[in-house]
Amino acid sequence: SHASTLPRVTFHQAQVRSEEGSPAQLPCVAQGNPPPSYRWMKEGLNGVLRPVKEDGRIWVSQGTLNIKKVTHSDGSKYQCIARNSIGERRIESALIVTAPLVVHLRPPYQVLNIGQEATFNCNVTGYPVHTVTWKKDQRQLSASSRVRLLSRDVLHISSVRREDRGMYQCFVFNDLEGAQGTAELKISDVAPTLISVFPEHTAHPGDSISLKCISAGNPVPSVTWYVDDSIVGLSPRITAGDYVNDAGHVISFLNITDIRVEDSGEYQCHVA
């Protein structure tokens, strides 16, 4: 008779991929004398190995572990144990369960006022998910204390500004495929309003003065300066300008240097 030998695994696969709902086979072929018997173990969440329970959906035949219709929870590490009277050999095999990636960015469309908060949720079905990246108007999203990711899947804007309007995209990838979801943020129109105006000034010839108006609105208001119901004539001595501050308000100013008597009158800023 042949000498007795320890089991030797001659064929297995370290990794098997299977799409959810389709069959999977994890092969395990061993030789030895006496011929070995096979047992399969499955690794639980905490790394503990438990025997695979055979039922109509899962069964072992000639060492191969068969699964009729793979579910997400079948994805795990497995061990095949080939044993005879001399001893045993173990090999590890990983089952990776995949499902097509589908991404929805919710809500798909929102219209907000300046200063409101916005939240986007990137809802993903399918797996595995390896990376999630965010873009705005097809550029990498620049995060700040105001625009930030609360998690990989949730984008939050604490106080919306006009420049936040646009298309937001969430891209999800694994090593096989990618998918994306898109949502639009619009800023609602707000009628232009004056927030603050200047007090009455008394000036002497030769002085300089700066008048300031603060306005708000969406789109950004345009400001025109009037004196006694006529548009102010600008010159090297009389200049106007404006800028938008962090709060999205328009700060408009009218500067008059080397004041003359004829500059006196009722000044107004009009927003449109």
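What volume does the second largest pocket have? In this predicted model, local features need pLDDT of at least 70 and side-chain atom pairs count only at pLDDT 80 or more, while totals for chains, interfaces and linings use all residues. Residues are numbered from 1 along each chain as its sequence is written, and side-chain values use heavy atoms, with hydrogens and water left out.

**View 1. The second largest pocket and its lining.** The second largest pocket has a volume of about 260 Å³, where a pocket is an open set of points on a 1 Å grid over the protein atoms alone, at which a 1.4 Å probe fits, with protein on both sides within 12 Å along at least five of seven lines. It is lined by 13 residues (those with an atom within 4 Å of a point), and Lys42, Arg50, Pro51, Val52 and Lys53 lie nearest its centre. By class, this lining has 5 nonpolar, 1 polar and 7 charged residues. The strands β5 (37-43) and β6 (49-51) each supply at least two residues of it (strands are DSSP runs of E, at least two residues, numbered from the N terminus).

**View 2. The largest pocket.** About 360 Å³ of space lies in the largest pocket, and of the 19 residues that line it, the closest to its centre are His201, Asp263, Ser264, Gly265 and Tyr267.

**View 3. An open sheet of 3 strands.** The strands follow the order β3-β8-β7 with antiparallel pairing, two strands being paired if DSSP finds at least two bridges between them. The edge strands, β3 (24-26) and β7 (58-61), each pair on one side only. Between β3 and β8 (residues 64-67) there are 3 bridges, and alanine 24 has isoleucine 67 in β8 as its bridge partner.

Key
Grid points are joined across faces, edges and corners, and a volume is the space filled by probe spheres set on the points. Helices (H or I, at least four residues) and strands (E, at least two) are DSSP runs, numbered from the N terminus. Ala, Val, Leu, Ile, Met, Phe, Trp, Tyr, Cys and Pro count as nonpolar, Asp, Glu, Lys and Arg as charged, and the others, Gly among them, as polar.
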